[in-house]
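Start with the structure below.

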Amino acid sequence: MKKIGFILISQCFIFSPILAATKLNVLLNDSGNNPYSDSAPSSVRSAIESAVFGQLLSLQNNMIVPSLLEDAYYDSKSNEYVLTIKKNIYFQNKRQVTIEDLEFSLLRLFFTNEKSFGKAALMNIEGLDEIQKQGFTKFKSGIVSGVRIKDDYTLTIKLMTPDPDFLYILTDTAFSIAPMEEFQDNYMDWKSYPIGAGPYSIVSPGFKNGVVELKKYDKSLIKAPDSVKFYTKKIKDIHYDLSFMKLENTKQNRYQKYYSELPDSVFGLTFTNVNPLGNSLEFRKFVQAALDREALQKLASGFSAAFENYPNTNWGIKKLSNPYNPELAQNLFQSLPKNLRDKEWNVSVYNSGSEIKGNKKLFIDEIKRQLGLYGFKMTYFPITEKFLPKKYAEETPFDISFFQIDHFDTLFKFARLLNNGPDQFVKPLYDEKLEALYKNAFNATTKESKLKNIETLSEYVHEKAYWIPLLDAKTVYYYDPNTIDKIGKKGDDLNVFSASRVEMKE
């Protein structure tokens, strides 16, 4: 039995002298929208999830350590992952967590007809096809052969193909434990608001008037704030201790910046499949060659030019060359039919609110300017839906978005380009070679062969210009050092903000 090395952390509850309650105000964005809805930006939603759900496993100094799990390892004899939950942990609705809750939380997305990118991350679990075969839309324990309850605290998971980085996926807060009874029938929307077994609980009534308040549930976190208010709109006279967005110049001097060590997202374009330009290889290659990423990166700090389909990660994806080539771009654009060249096109932009602001607006205006040098005319409009509706996809040749990065599993990000990807219109038409290259990487039996196959897949996506990465974006937080001592310990993975790791000034 081969166990993955862990630093075991016990969860002890410490009683301390009575101190004044500490409060933390966090500005997530200025959209006014619900930060824990499924359509919310991933960085915003993850801030709520990390507080309310906690994590099954977490990363510290690039090592996996248990959080809600007592232990997790790969059993080389049975070829299974073994997950053991801690004893005596409770949801914020006061119900004790059971091993069935872990089974449900890992499989719930497969029992819903709702679209979700999260399904692709766990598609390697053996026996998931049984859910569709039997037409299940309600969770049933034991139906998936690859997920078995061993005892009251232990669950085993068997994968279809070996994946040495499977446990890293379980550090994602979206796969943490949640109680089935608090979900609506689709297992994605909440009856009231998110409830989990994490360090903070949401205060009733949940999100209201641009604010959601959380209170500390885990009293062992002595230095963490006792209450946290997350804001999705700027409110006059509120002092924000921490902000995900740059504040006005009059206030900016009092804040310090925190940058993550690695990028947490990629800014880029994906082409639509129900638009004549989106389906044109010449047009896609034109956009790929026309955009000067190095000019884009100069518009804001924390961004760097991206030529790779996804940033360098632990997989060490091969570097692709800079495709910027104005002469080629001009020739490709002129090869398009005149009626398509002369038309002004709408371009969709995934956005948290109805107005595109800040760095995103700077980038899109620069894209519009650069493409305009060749004669391409565009306007742009915000889309708050996670998946682009057909009526908009028909109007736009490409969609502009930020995509969250997984530093330990690059492959499943390519799944959104497949024929069965959830974003029906923002992906290529069926491409047999693309499907085969993905399958080869998915079925790889070693990390080395998986890496080689992902490199081949990445090069093909680049060759076909199915999506165009432009900028790698690091996480940046603006925090007030007068109220916050630290926003995380050295070695913490802070690509996702976690209120429990904040240490307030005494």
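How many residues apart in helix 10 are Lys-338 and Asp-342?

## A bridge within one helix

Lys-338 and Asp-342 are four residues apart in helix 10 (residues 338–342), so about one helical turn separates them. Helices here are DSSP runs of H or I with at least four residues, strands are E runs of at least two, and both are numbered from the N terminus. The two side chains form a salt bridge, with the closest N and O atoms 2.5 Å apart. A salt bridge is a side-chain nitrogen of Lys or Arg within 4 Å of a carboxyl oxygen of Asp or Glu.

## Basis of the model

The model is predicted: local features need pLDDT of at least 70, side-chain atom pairs count only at pLDDT 80 or more, and totals for chains, interfaces and linings use all residues. Residues are numbered from 1 along each chain as its sequence is written, and side-chain values use heavy atoms, leaving out hydrogens and water.

The structure holds 13 salt bridges. One of them pairs Arg-95 with Glu-181, the closest N and O atoms being 2.7 Å apart. Arg-95 sits in the loop between strand 5 (80–85) and helix 2 (99–107), and Glu-181 in the loop between helix 5 (166–169) and strand 8 (200–202), so the pair ties together parts 86 residues apart in sequence.

Asp-185 bridges to Lys-138, with the closest N and O atoms 3.5 Å apart.

## Around Phe-230

Leaving aside neighbours within four places in sequence, Phe-230 is in contact (heavy atoms within 4.5 Å) with residues including Val-26, Ile-48, Leu-214 and Phe-497.
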